[in-house]
Amino acid sequence: MWKQFLGKISRKSPKSGSGDGGSPPQKYPTSRGANGAEAELRASSPSQASAVAAAAGAETREDVFLRKLNVCCVVFDFAVERGRDSPEVERKRQVLVSLVDCVSAAEEPLTEAMISACVRMFAINLFRVFPPKLRSGGATDEEEPFFDPSWYHLQAVYELLLRFVMSPVVDVKVARKYMDNSFISRLLDLFDSDDPRERECLKTVLHRIYGKFMGNRPFIRKAVSNIFYRFVFETDHHNGIAELLEVFGSVISGFAKPLKEEHKLFLWKALIPLHKPKTVGVYLPQLTYCIIQFIEKEPKLTGTVIRGLLKYWPVTNSQKEMMFLGELEEVLELTEMADFQKCVVPLFRRIAQCLNSSHFQVAERALFLWNNEHLFDLISQNRQVILPIIYPALERNARWHWNQSVLNVTMNVRKMFFDMDERLLLACQTNFQEEEKKRAASEERRRLVWEHLERNAAFHPVTGDIGFAVPPTSVPLVAPAMT
């Protein structure tokens, strides 16, 4: 009787994806379901299958592991089946949880067939088309998070993927054969998920993959750079920029000194252009942290960062301008004197424009830069260059700015310069008064010219239809023939 039972079990070979040592299974799925696994899932529960295997003693550790993975390759449509209502859905989750425990407690190395089947199961469950956002009333609220209905299973799959990547029983060389660049590229595409829980899991998984799979690090950096390029220059929309920057904050902190040219290009071509999109406020803290990490590694990069900020400085967005001023202050705190002097003129021309902003918060934030001790020291040592640029803006604020708070802070900054170098301040004041007289005289001449033109027009009114007036010319209409 037992021989007949064992014979039936041996004839039930696993479907594609269970694999064996000689011929590894297909790495990525060709369909979203597996009919054999689905039938097995409906036929028996994991506990019943384990009991049969224990009684028979015919299945090895690898066979049980592969059979469970094959069961997990069934993908359910949660939008139709309404999540946990179906018993097959709950059984699959139980199998996933048991696999997590199995990988966590494993002491023997996983075989190549087991590793291959794991990667195939991850690909089937994770690599998918994102469901559309379902909003009530037809209006979309960008601040409202979206939760994927399939998260009931995805959470367990991500937990298994994380344990798989971190497990010491997984051979890195074997795993890299299946978790190759194609797999990582599709994993990075998932960062555009609308579900913040999925992006948080992806952030942890990517960090672990980057730390363990050292051979894939250059590809990961290049792939993330391409995501940033598409976001800045093409799509202008991506949900996972903040999470990717958070991962790269720790990556940049691990760069060796001196920095490679590749890493400097990543700063100039990938990170600094991220200041351009209008949604920069969503990920600005993570972006600033990455840039500060670069400057701490190589302080001479402050000039590059400041020029980049000035290149993408906002013109009509006051909230974004305040963010830039905050980031600029953090960068200037790490700036050395030699690098500061290279960009002092364009930098303070921009600050002078911020001082005269009609938005009182922008003007006030720019004036608060003088409260920074390090920046105040840099300004005091370069006052011969800075004060002639800044003084006209200070004088205009003192005379005409509508906000009392801005007026008070402006007077305090003027007093700082007066205490710093009274003679220079008085010289700038004299120059400003002369420039104002010249400007007033120029405006008066322009006003007189317009009055003269208006009087002439009143005495000689233009009548009739006016076409394009062609002035008379003495040049012949037909050019003489060349001989």
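In helix H19, the residues Val-344, Leu-347, Phe-348, Ile-351, Ala-352, Cys-354 and Leu-355 are buried. Viewed down the axis of H19, these buried residues fall within an arc of 155°, so they line one face of the helix. The model described here is a predicted one.

The partners of that face are other helices. The buried residues of H19 pack against helix H16 (302-311), helix H17 (318-333) and helix H18 (337-342), and also against helix H20 (360-367), helix H21 (373-381) and helix H22 (383-400). H19 has twelve residues, 344-355, and at 1.5 Å a residue they should span 16 Å; the C-alpha atoms at its ends are 16 Å apart, which agrees.

A loop residue comes next. Gly-240 sits in the loop that runs between helix H12 (217-235) and helix H13 (241-253). Its relative accessibility is 0%, and because buried means under 20%, Gly-240 counts as buried. Leaving aside residues up to four places away in sequence, Gly-240 touches Phe-191 and Arg-199. Tyr-283 is 43 residues from Gly-240 along the chain, and the C-alpha atoms of these two residues are separated by 9.2 Å.

The last stop is on the surface. There Val-449, Trp-450 and Leu-453 form a nonpolar patch, and together they have about 320 Å² of accessible area. Of these residues, Val-449 lies in helix H24, which covers residues 422-459. Val-449 has a relative accessibility of 48%; exposed means over 50% and buried under 20%, so Val-449 counts as partly exposed.

Note on methods. Residues are numbered from 1 along each chain as its sequence is written. This is a predicted model: local features need pLDDT of at least 70, side-chain atom pairs count only at pLDDT 80 or more; totals for chains, interfaces and linings use all residues. Side-chain values use heavy atoms; hydrogens and water are left out. Helices (H or I, at least four residues) and strands (E, at least two) are DSSP runs, numbered from the N terminus. The expected span of a helix is 1.5 Å times one less than its number of residues. Buried means under 20% relative accessible area, exposed over 50%, partly exposed in between (1.4 Å probe, protein chains only). The arc is that of the directions from the helix axis to the C-beta atoms. Contact means heavy atoms within 4.5 Å. Patches are made of residues with over 30% relative accessible area and no salt bridge: like charges are joined within 9 Å, nonpolar side chains (Val, Leu, Ile, Met, Phe, Trp, Tyr) within 5 Å. Accessible areas come from the Shrake-Rupley method with a 1.4 Å probe; for residues, only the protein chains shown count as cover. A salt bridge is a side-chain nitrogen of Lys or Arg within 4 Å of a carboxyl oxygen of Asp or Glu.
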